[in-house]
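The model is shown first.

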There are 4 protein chains.
Amino acid sequence: MEKRYNESLKQTCINLFKSRGVELSDITEIVFDLQKKYIPDLTMDVCADAVDRVMAKREVHYAILTGVELDMLAEQNKLSEPLQTLISNDSPLYGIDEILVLSICNVYGSIGLTNFGYVDKVKPGIIGRLDKLGKESSACHTFMDDLIGAIAAAAASSVAHNSAL
Amino acid sequence: MEKRYNESLKQTCINLFKSRGVELSDITEIVFDLQKKYIPDLTMDVCADAVDRVMAKREVHYAILTGVELDMLAEQNKLSEPLQTLISNDSPLYGIDEILVLSICNVYGSIGLTNFGYVDKVKPGIIGRLDKLGKESSACHTFMDDLIGAIAAAAASSVAHNSAL
Amino acid sequence: MEKRYNESLKQTCINLFKSRGVELSDITEIVFDLQKKYIPDLTMDVCADAVDRVMAKREVHYAILTGVELDMLAEQNKLSEPLQTLISNDSPLYGIDEILVLSICNVYGSIGLTNFGYVDKVKPGIIGRLDKLGKESSACHTFMDDLIGAIAAAAASSVAHNSAL
Amino acid sequence: MEKRYNESLKQTCINLFKSRGVELSDITEIVFDLQKKYIPDLTMDVCADAVDRVMAKREVHYAILTGVELDMLAEQNKLSEPLQTLISNDSPLYGIDEILVLSICNVYGSIGLTNFGYVDKVKPGIIGRLDKLGKESSACHTFMDDLIGAIAAAAASSVAHNSAL
């Protein structure tokens with residue numbers, strides 16, 4: 001029953017991502033880029049499996065549901081001030097977006113934190129595209145880019161752990 | 001200028017607390033209860049000062065603004081499902097409320113975490129009253145009780161550090 | 001191979017605990033006490049299984065190996081000052097013992113943090129006995145009591161998650 | 001008295017760094033590199049002040065004393081196995097070094113985490129030099145590079161907060 005409930009929450013999260021322009025394959029690409037220099041024969045399939053494992057965790061679902069909701073409310077101008085401005089401007093000192101995803105980073109151990117910090121700074125692939133979109137349009141991805149970065153970071157940790165067999 | 005900006009954000013947070021039924025003196029009482037067994041001559045004034053110091057931190061303002069907003073949106077039934085149900089029912093596995101306040105717990109060092117965990121479990125004073133209210137009425141304090149617990153825990157850590165001079 | 005390596009590390013940790021006076025059944029008792037009020041038909045077997053799952057995690061092994069080593073070096077007076085005094089006196093502001101076990105608390109989600117804080121404060125069962133021993137004898141359990149508290153807290157979270165099916 | 005005690009602990013930590021080949025100016029350089037792209041008129045003095053503020057925190061002293069002690073014990077082959085091998089080989093999955101410095105990263109808010117992850121991955125300046133030294137000689141800097149990265153990251157956060165006045 002738990003399994004089934006989680007499956008349904010997982011699908012809700014995947015659909016939410018799609019509706020906001022993010023495919024799991026976008027996240028898989030980041031994982032591959034993070035780990036290929038350490039694992040020469042790494043395949044995209046291995047990375048996709050890792051993303052899938054992270055997306056099955058309840059902690060991850062709750063962070064996604066909360067973060068994307070705040071992004072959408074900010075787009076619709078439905079938050080109270082000064083929160084509305086802090087989130088819609090992606091204020092660099094706001095920091096709650098990074099805090100929210102801490103629990104995702106840690107699902108496969110503390111090395112996820114390092115990967116998250118790197119990705120959050122370098123903004124590879126879909127993260128850079130969303131960041132640009134957020135700055136140039138009325139779209140708000142303040143939480144989304146941290147969610148993606150944290151999922152990619154956790155999946156990269158999982159790949160690293162498994163390759164260390 | 002920074003100081004003035006923070007002063008204004010601090011006042012916004014204090015007003016928000018008042019409008020939700022929480023006075024800083026309620027938090028001070030929890031700090032006093034947490035520390036009196038370790039510091040025999042502890043006064044309420046020392047505890048009130050510590051709460052005041054915690055309430056001056058930008059990290060704390062941002063967590064308060066975000067958490068209370070989510071509580072209020074849940075009360076107004078304005079969140080998407082399943083987030084609406086998770087927050088309005090204070091689902092014990094949701095966990096995002098505890099994550100959100102982690103940054104508050106840590107403002108005076110890692111011993112804040114221990115105090116937070118204790119307070120979150122024992123629910124002293126205002127925390128217990130809000131918890132009861134949340135369960136018996138249409139009020140939602142899912143984030144509020146963790147915010148109060150974390151502020152009290154951080155203030156207690158500050159008192160402990162200062163008394164160790 | 002990974003499995004076998006982890007099995008062996010797990011056994012190393014269990015032996016290390018035994019040599020320091022801690023049985024897994026001591027930890028199981030704390031888990032049972034933490035969760036029985038929420039789950040009326042909870043059994044000791046369910047709690048023992050949860051402790052076993054936590055003890056199988058690599059993150060947990062590394063924290064145990066590091067923390068117990070520091071306790072033993074402190075007992076043998078082999079640390080440099082002022083670290084020797086900080087650890088052998090279990091200085092309340094040291095805080096590194098709480099930081100070290102954060103990764104254990106989180107293996108089954110953020111609700112582990114709350115349980116850890118409570119246990120660290122209330123010191124039930126073996127934790128209280130070790131704490132007393134540390135104060136009255138030359139034994140040093142500065143890290144051990146936090147390790148036990150964190151393992152119990154994580155196992156309690158696992159029990160809570162599973163009972164929420 | 002507290003101030004004086006902290007001053008003395010701070011000096012102990014600076015001396016420990018020197019004895020292990022690390023000057024505060026090495027850390028200041030990393031802070032400057034991290035922040036110069038965001039603050040065009042940033043000076044080295046501003047960065048040095050920020051490093052000095054981080055080095056005044058008790059949390060930071062305790063993390064330094066503990067981490068450097070473990071590095072030195074590993075160099076002297078004085079740790080029990082398998083911990084000796086894990087630390088002296090800087091095993092990528094060990095992760096306790098990253099956990100230990102979490103409390104440092106957070107002293108100026110959660111944005112410190114992002115900077116830490118980036119620095120830990122890119123290994124600028126002294127961090128890269130120590131990493132190379134650790135791999136090519138009998139020196140062990142498993143904890144040292146994370147300590148430096150975390151101090152630099154926290155100082156960079158402090159610079160960012162102050163420049164946002």
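## Conventions

Helices (H or I, at least four residues) and strands (E, at least two) are DSSP runs, numbered from the N terminus. This is a predicted model, in which local features need pLDDT of at least 70 and side-chain atom pairs count only at pLDDT 80 or more, while totals for chains, interfaces and linings use all residues. Residues are numbered from 1 along each chain as its sequence is written, chains are lettered from A and ligands numbered from 1 in the order in which they are written, and side-chain values use heavy atoms, with hydrogens and water left out.

## Helix α8 of chain A

Helix α8 of chain A covers residues 111-122. Its 12 residues reach 17 Å from first to last C-alpha, close to the 16 Å expected at 1.5 Å a residue; the expected span is 1.5 Å times one less than the number of residues. After α8(A) comes Lys123(A), which has a positive phi, near 50 degrees.

Of the 12 residues of α8(A), 10 are buried, so the helix is largely enclosed by the rest of the structure. Buried means under 20% relative accessible area, exposed over 50%, and partly exposed in between (1.4 Å probe, protein chains only). Among the buried residues are Ile111(A), Leu113(A), Phe116(A) and Val119(A), as well as Asp120(A) and Lys121(A).

## Helix α10 of chain D

Helix α10 of chain D (residues 144-163) has 20 residues, which should span 28 Å at 1.5 Å a residue; its end C-alpha atoms are 28 Å apart, in agreement. With 18 of its 20 residues buried, α10(D) is largely enclosed by the rest of the structure.

## Interface of chains D and C

At this interface, 23 residues of chain D are in contact (heavy atoms within 4.5 Å) with 23 residues of chain C. The two chains bury about 2100 Å² between them, 73% of it on carbon and sulfur atoms. Buried area is the accessible area (1.4 Å probe) that two parts lose on being put together, summed over both.

On chain D, the elements that give two or more residues to the side touching chain C are α1 (2-19), α4 (58-75), α5 (83-88) and α6 (96-100). The largest share, 9 residues, comes from α4(D).

## Ile39 of chain C

Ile39(C) sits in the loop between α2 (24-35) and α3 (44-54) of chain C and counts as buried at 11% relative accessibility. Leaving aside neighbours within four places in sequence, Ile39(C) is in contact with Val159(C) and Ser163(C). Val159(C) is 120 residues from Ile39(C) in sequence, and the C-alpha atoms of the two are 9.3 Å apart.

## Salt bridges

Over all chains the structure holds 28 salt bridges, each a side-chain nitrogen of Lys or Arg within 4 Å of a carboxyl oxygen of Asp or Glu. One of them joins Asp52(A) and Lys10(A) at 3.1 Å, N to O. Asp52(A) lies in helix α3 and Lys10(A) in helix α1 of chain A, so the pair ties together parts that are 42 residues apart in sequence. Asp52(A) is partly exposed at 37%, whereas Lys10(A) is buried at 9%.

Another salt bridge joins Glu75(A) and Arg20(A) at 2.7 Å, N to O. Glu75(A) is in helix α4 and Arg20(A) in the loop between α1 and α2 of chain A, 55 residues apart. Glu75(A) is partly exposed at 33%, and Arg20(A) is buried at 12%.
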